[in-house]
Amino acid sequence: MRLLTHNMLSSNIKGLTSGFPLGIEVEKTEEKEVEMNADFLRNMFAKVEWKALVEAAKTLGYTELPDNVEPSMLDSDEFLRRFHHALLELHLEEGALVCPETGRKFPVNKGIPNMLLHEDEILLQ
Amino acid sequence: MKLKQLESLLGSLQQFDRPKIELEQYPTGPHIASRLLYTAENSFGDLSDKVVADFGCGCGTLGLAAGLLGAEHVTGFDIDQESIEIATSNADELDLDIDFVQCDIRNLTLSDRHIDTVVMNPPFGTRKKGADMEFLSVALKVASRAVYSLHKTSTRDHIRRTALREYNASSAEVLCELRFDVPQLYKFHKKKEVDVAVDLWRFIPTSNQGRHL
């Protein structure tokens, strides 16, 4: 599971103030190289929750992302490469995603998070 | 990639071992899948360099097609672990890097900023009434550019009305009508094969631009 996917997901347990971002417990990670697409990255920059990405990358062992960013950094090839690496090349293979409010763990196996809720966690419509 | 090549690759994918009727698991045939996604890319540019989500991905056919047509990132969502396992294997076969999330789309909290295009072949609602509408509702909440979906032709007016009035769609267009081959998968199927008329839809969500950053 890439950090781009992690950046989209929130805990969906009922009654939360905010289920984002999900914490990460790491048991196994992988790095898979993919070709960098600068235009794509520039596009994503405005959409990504930066703080959550930095934290998640750190948890996976990658500390090269700056804590504070501004759009002018998109002119830097070095920055783009780091952004690319964190967003698309780091994979959580085994571990868990953790609800930030309840601590409830969503297991991750073979890169696949299981976000299925138990009966008592679902908000009845 | 040429349409024929895409169709051929999709046709080589593994499908459901033991399809679960209550989830309405039917494979999306390579003929329909290739045409729908080929149009999405060639007519509208909705796939290449984009973030694509496949809702109810099953064995991954649509999400994988998006990957083959140049999507920068694809995430497939499905409730069934066995399907996701098959989808993972299919992705490996095609040397595509696809993320999968196991979840119930109806109570998933998903960002409305990241996903450009949703592609899906949702349940038609023959087992769980309204399932097709639930999928469409969520898709239109999270997509920025477009939603591609398959629905029974018999529901066309209802879908258009609901999408435009209640689900935030600024446009709802039937790209074409096709016959969906439903092979004899389940015991209650009497005939060897049956054609169901389906519409290939393209919806445009009302712009979310300007609400964030």
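**Close-up views of a two-chain predicted model**

View 1. B:Asn90 is found in helix H4 (residues 81-93) of chain B; helices (H or I, at least four residues) and strands (E, at least two) are DSSP runs, numbered from the N terminus. This is a predicted model, in which local features need pLDDT of at least 70 and side-chain atom pairs count only at pLDDT 80 or more, while totals for chains, interfaces and linings use all residues. Residues are numbered from 1 along each chain as its sequence is written, chains are lettered from A and ligands numbered from 1 in the order in which they are written, and side-chain values use heavy atoms, with hydrogens and water left out. Is B:Asn90 buried or exposed? B:Asn90 is buried, with a relative accessible area of 3% (buried means under 20% relative accessible area, exposed over 50%, partly exposed in between; 1.4 Å probe, protein chains only). Not counting residues up to four places away in sequence, B:Asn90 touches B:Leu13, B:Gln14, B:Cys59 and B:Leu64, where contact means heavy atoms within 4.5 Å. A polar atom of the B:Asn90 side chain lies 2.9 Å from the backbone oxygen of B:Gln14.

**View 2. A:Lys47 and the residues of chain B that it contacts.** A:Lys47 is found in the loop between H2 and helix H3 (50-59) of chain A. A:Lys47 is buried, with a relative accessible area of 16%. Leaving aside neighbours within four places in sequence, A:Lys47 is in contact with B:Arg113, B:His114 and B:Asp116. With B:Asp116, the side chain of A:Lys47 forms a polar contact of 3.3 Å (a pair of N or O atoms within 3.5 Å; within protein, one must be able to donate a hydrogen and the other to accept it, and residues adjacent in sequence count only if both atoms are side-chain atoms).

**View 3. A salt bridge between A:Glu49 and B:Arg113.** The side chains of A:Glu49 and B:Arg113 meet in a salt bridge, at 3.2 Å from N to O; the term denotes a side-chain nitrogen of Lys or Arg within 4 Å of a carboxyl oxygen of Asp or Glu. Between chain A and chain B the count is three salt bridges. There are also 20 residue pairs in polar contact between these chains (both at pLDDT 80 or more).

**View 4. The side of chain A that touches chain B.** The elements that give two or more residues to this side are helix H1 (3-8), helix H2 (38-45) and strand E4 (112-113) of chain A. H1(A) gives the most, with four residues. The contact as a whole takes 29 residues from chain A and 27 residues from chain B.
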